[in-house]
Amino acid sequence: MAGMLGEVKLTLVQGDITEQRVDAVVNAANSSLMGGGGVDGAIHRRGGPEILEECRRLRAGHYGKGLPTGQAVATTAGRLPARWVIHTVGPVHSASQDRSDLLASCYRESLRVADTLGAASVAFPAISTGIYGWPVDDAARIAVEAVQAADTRVDEVRFVLFDAPAYAAFEARL
Ligand code: AR6
């Protein structure tokens, strides 16, 4: 499914983010930037060791304390069919605290980094909806609103949803 969201072409795909032919794929990382499960695991597995090498250099430099939640940083995409991986750290869902703005910030900051790279197409997973426990309906609302509100030169934003319920949640928001 595809449509326009302001000036941005928005595409929904059910599938694996590591297979996307786009300029940049976004990784649902953690602050350590040292890999993990879910999307993060898949990206490092298929992208190969070059990505982790660059993450290590980031940790040795500007990101000595790790990448803060809601921020984003780019590395090579290694062997993936994309040019860059933009790593962002979603918030862990909390029932007692509203962390929505941190989740929106992941989308905003990833698009800002994409602009600095000159990336025209960017694929996002449903950040925070796996291990970090965010209910997918709410995460879809936040993601779509954040992309809609973003001031970006990116032409195409692709949401890549792993399963049918996540796809349906995003479809309902468009
Ligand atoms: N392609 C697209 N979507 C996927 C893929 C894939 N290959 N694999 C899983 N998903 P998660 P989070 C979906 O857990 O919640 C890691 O350990 C998945 O079904 O990857 O932000 C990191 O290192 C879910 O809908 O990310 C962090 O520690 C969505 O992607 C932590 O997990 C996000 O699930 C981040 O947790």
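Visitor: In which hand does α3 pass α4?

Guide: In this predicted model, α3 passes α4 in a right-handed crossing. That term applies when the near helix is turned clockwise from the far one by less than a right angle.

Visitor: What makes α3 and α4 oblique to each other?

Guide: The axes of α3 (residues 100-117) and α4 (residues 136-149) cross at roughly 40 degrees and come within 9 Å. Angles under 35 degrees count as roughly parallel, and 65 to 115 as roughly perpendicular; α3 and α4 are therefore oblique.

Visitor: Which residues of α3 and α4 meet?

Guide: Ser100, Leu103, Ala104, Tyr107 and Leu111 belong to α3, and they meet Ala139, Ile142, Ala143, Ala146 and Val147 of α4.

Visitor: How do you know that α4 and α5 are oblique?

Guide: The angle between α4 and α5 is about 45 degrees, and their axes are 9 Å apart. This angle makes α4 oblique to α5. The crossing of α4 past α5 is right-handed. On the α4 side the contact involves Val136, Asp137, Ala140, Arg141, Ala143 and Val144, which meet Ala166, Ala169, Phe170 and Arg173 in α5.

Visitor: Which residues of α4 are buried, and what do they pack against?

Guide: Ala139, Ala140, Ile142, Ala143, Val144, Ala146 and Val147 are the buried residues of α4. They pack against β1 (2-5), β2 (8-14), α3, β7 (156-161) and α5 (164-173). As for its length, α4 has 14 residues and reaches 20 Å from its first C-alpha to its last, close to the 20 Å expected.

Visitor: Why are α1 and α2 called roughly perpendicular?

Guide: Their axes come within 6 Å and cross at roughly 115 degrees. The range for roughly perpendicular is 65 to 115 degrees, and α1 and α2 are therefore given that description. The contact is made by Ile43, His44 and Gly47 of α1 with Pro49, Ile51, Leu52 and Cys55 of α2.

Visitor: Which residues of α1 are buried, and what covers them?

Guide: The buried residues of α1 are Asp40, Gly41, Ala42, Ile43, His44 and Gly47. Their cover includes β3 (24-29), α2 and β5. After α1 comes Gly48, with a positive phi near 85 degrees.

Visitor: How do you know that the span of α2 agrees with its number of residues?

Guide: Helix α2 (residues 49-60) has 12 residues, which at 1.5 Å a residue should span 16 Å; the end C-alpha atoms are 17 Å apart, which agrees.

Visitor: Why are the buried residues of α2 said to line one face of the helix?

Guide: The residues in question are Ile51, Cys55 and Leu58. Viewed down the axis of α2, they fall within an arc of 55 degrees, so they line one face. On the other side of α2, Arg57 and Ala60 are exposed. The buried residues of α2 pack against α1 (38-47), β4 (72-76) and β5 (84-89).

Visitor: Why does Pro81 count as partly exposed?

Guide: Pro81 has 30% relative accessibility. Buried requires under 20% and exposed over 50%; Pro81 therefore counts as partly exposed. Pro81 is found in the loop between β4 and β5.

Visitor: What does Pro81 touch beyond its neighbours in sequence?

Guide: Leaving aside residues up to four places away in sequence, Pro81 touches Thr18, Glu19, Gln20, Arg21 and Val22. Pro81 and Gln20 are 61 residues apart in sequence, with their C-alpha atoms 6.6 Å apart in space.

Definitions and conventions: Residues numbered from 1 in each chain as written. Predicted model: local features only at pLDDT ≥ 70, side-chain atom pairs only at ≥ 80, totals over all residues. Heavy atoms only, no water. Helix = DSSP H or I, 4+ residues; strand = E, 2+ residues; numbered from the N terminus. Expected span 1.5 Å × (residues − 1). Buried < 20%, exposed > 50% of the residue type's maximum accessible area, 1.4 Å probe, protein only. Arc of directions from axis to C-beta. Contact = heavy atoms within 4.5 Å. Axes fitted to C-alpha atoms, helices over the stretch in contact; angles between N-to-C directions. Parallel < 35°, antiparallel > 145°, perpendicular 65-115°, else oblique.
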